[in-house]
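Please read this briefing with the sequence and the model side by side. The notes are grouped by topic.

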Amino acid sequence: MTEFHVADADLWAWAENRLSEPAAWSVEAHLDGCAICRSRVPATPGLPPAPLHLPAQGRVRPATRARRIRVLVEAGPQARIAWFSAVAVTVLLTVTLGDRVPHWLLLLVGPALPVLGTAVSYGPRSDPMAELVASTAYGGLRIVLWRTLSVLAVSLPVAAAGGFVSGLGSPAMWLLPCCALTALTLALASFTGPTVSAWVVGGGWFALVTAAHGLPVDATPLLVAPSATPPWLAVTAVGSLIITYRREARR
Amino acid sequence: MTVAVDDVTVRYGRRVVLDGLDLALDTGVHGLLGPNGAGKTTLMRVLATVSVPDSGGVRLLGSAITDEKALRAVRRQLGYLPQTFGFYPRFTVREFVEYLAWLKEMPAAGIPVAVDRALQRVGLLDRADDRMRTLSGGMQRRAGIAQAIVNDPRLLLLDEPTAGLDPEQRVEFRALLRELGVDACVLVSTHLVEDVAAACERVSLVDGGRLVFTGTSAQLAAAGGDGDAGDSAIERGYTAVLRAARA
């Protein structure tokens, strides 16, 4: 293999038949013996040849579905902050305070976690790339759902753990308000934006918990009692319907 | 027509930002000129499908964008550089462009090569593995241009692309623009009249949310007389057209 390689401009001109005959012969003679330059010949007419000196690729980046999901999820640093703080707060409440923490406080925080996470993981104020993402094919509802899914994946187990520690209702029942509140937040966000919607839904939940239980109670609270299943499912369904119906809403 | 804007109005509260604007663009490099606050960025956002007009029709790439499927089809062929954009601090330059290539639903297998090619075209390939936040403002701008062209868009919208570029880079960028304009419809919003004169075949001038001039750069230059303010013929044409529109 020789040290000499065909210049980008010459290779391009040759690929487009713009070289004089003698020049074309010398390019062809070189291509015969040089695999590097052969690989640089543009496959599509009109495109420039691949650059000769591509820097070493740091690491192999296989274009797989798994990597795509990882980057999509990882792309929300705000989401990570929200997850960590939400998990930290709940763990702190349950572990360090033990029995001294009122159980209704756990009920207040647990199901609201995904609302918090959803609000901070996207939206023009918290997502620095919102403007860029909004113009892409993946923008809009689909990226919101991906991020919500990633938030739910983290916060659902935490909420269930909260339910387990608090002893209020069965832990599985805690997941219902989680899902319902998240659906409601997303539905409302198509009208008001995520920040306002999270405040409204979070505030509503706060009011509901305080109103339903007053201050500390020992009985299984109504909000996570088995009888609350149909209303929560209904809220989730209505929220999902609004999300589907309003999916083209752009602000 | 790649872009057909028909009587588009956009309001922010009571303020009318685009006031019954019409615009038709085809393949080539088009300049979008106008004073600050004329509605350039709002028009760019409408064309980038980020913002929906209050009234009027927008056809992009021959599609009226009536449903989500059509919207996605248009967005796949769209490149957009906003006036200001952010990035995630941990992203390297390559990850930044790669991430947007994914979001644009490019075929996964072609992405690594397309990303490197886009970075090469804006002269950032040697910084590909540096973190975005370590780049200078001009380099971040070039990374923004790279993400806009990574999918070989048929409609490329660049809002103030030369802000922060030094004179040599601006000359290189104009050459890139001319290259891109062969196959795509490129709309460059700027307040720098000389950028338009050097790189754009056609110019549209917006003032007060309306289109007040459209034509070739030479026609804009010819609109000015000796009495108009400006250092070059095209600047004199610009001030003359604005003055006539406001009269």
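Two strands pair if DSSP finds at least two bridges between them. Helices (H or I, at least four residues) and strands (E, at least two) are DSSP runs, numbered from the N terminus. This is a predicted model, in which local features need pLDDT of at least 70 and side-chain atom pairs count only at pLDDT 80 or more, while totals for chains, interfaces and linings use all residues. Residues are numbered from 1 along each chain as its sequence is written, and chains are lettered from A and ligands numbered from 1 in the order in which they are written.

**The open sheet of chain B**

- In chain B, three strands make an open sheet with the order S2-S1-S4, and their pairing is antiparallel.
- Strands S2 (15-25) and S4 (55-60) of chain B are at the edges with a single partner strand each, so one side of each has no neighbour in the sheet.
- From one strand to the next, the twist averages 25° (axes are lines fitted to C-alpha atoms, for helices over the stretch in contact, and angles run from 0 to 180 degrees between N-to-C directions).
- Five bridges link strand S1 (residues 3-12) of chain B to S4(B) in the antiparallel sense.
- B:Val5 has B:Val58 in S4(B) as its bridge partner.

**Strands S5 and S6 of chain B**

- S5(B) and strand S6 (residues 155-159) of chain B run parallel and are joined by four bridges.
- The bridge partner of B:Gly79 in S6(B) is B:Leu156.
- In a regular strand, side chains alternate between the two faces of the sheet.
- On strand S5 (residues 78-81) of chain B, B:Leu78 and B:Tyr80 point one way, B:Gly79 and B:Leu81 point the other way, and all are buried (20 or more other C-beta atoms within 10 Å of the residue's own, with C-beta atoms placed from the backbone).

**Helices H3 and H4 of chain B**

- Helix H3 (residues 93-103) and helix H4 (residues 111-121) of chain B have axes that come within 10 Å and cross at roughly 125°.
- H3(B) and H4(B) are therefore oblique to each other (angles under 35 degrees count as roughly parallel, over 145 as roughly antiparallel, 65 to 115 as roughly perpendicular and the rest as oblique).
- Residues in the contact include B:Val97 and B:Trp102 of H3(B) and B:Ala114 and B:Leu119 of H4(B) (C-beta atoms, placed from the backbone, within 7 Å).

**Chain A**

- Chain A has twelve helices and zero strands.
- Of its 251 residues, 36% count as buried in chain A.
- Among chain A contacts between residues at least 6 apart in sequence, 73% join residues at least 24 apart.

Definitions and conventions: Two residues are in contact if their C-beta atoms, placed from the backbone, lie within 7 Å. A residue is buried if 20 or more other C-beta atoms lie within 10 Å of its own, exposed if 12 or fewer, and partly exposed in between; C-beta atoms are placed from the backbone.
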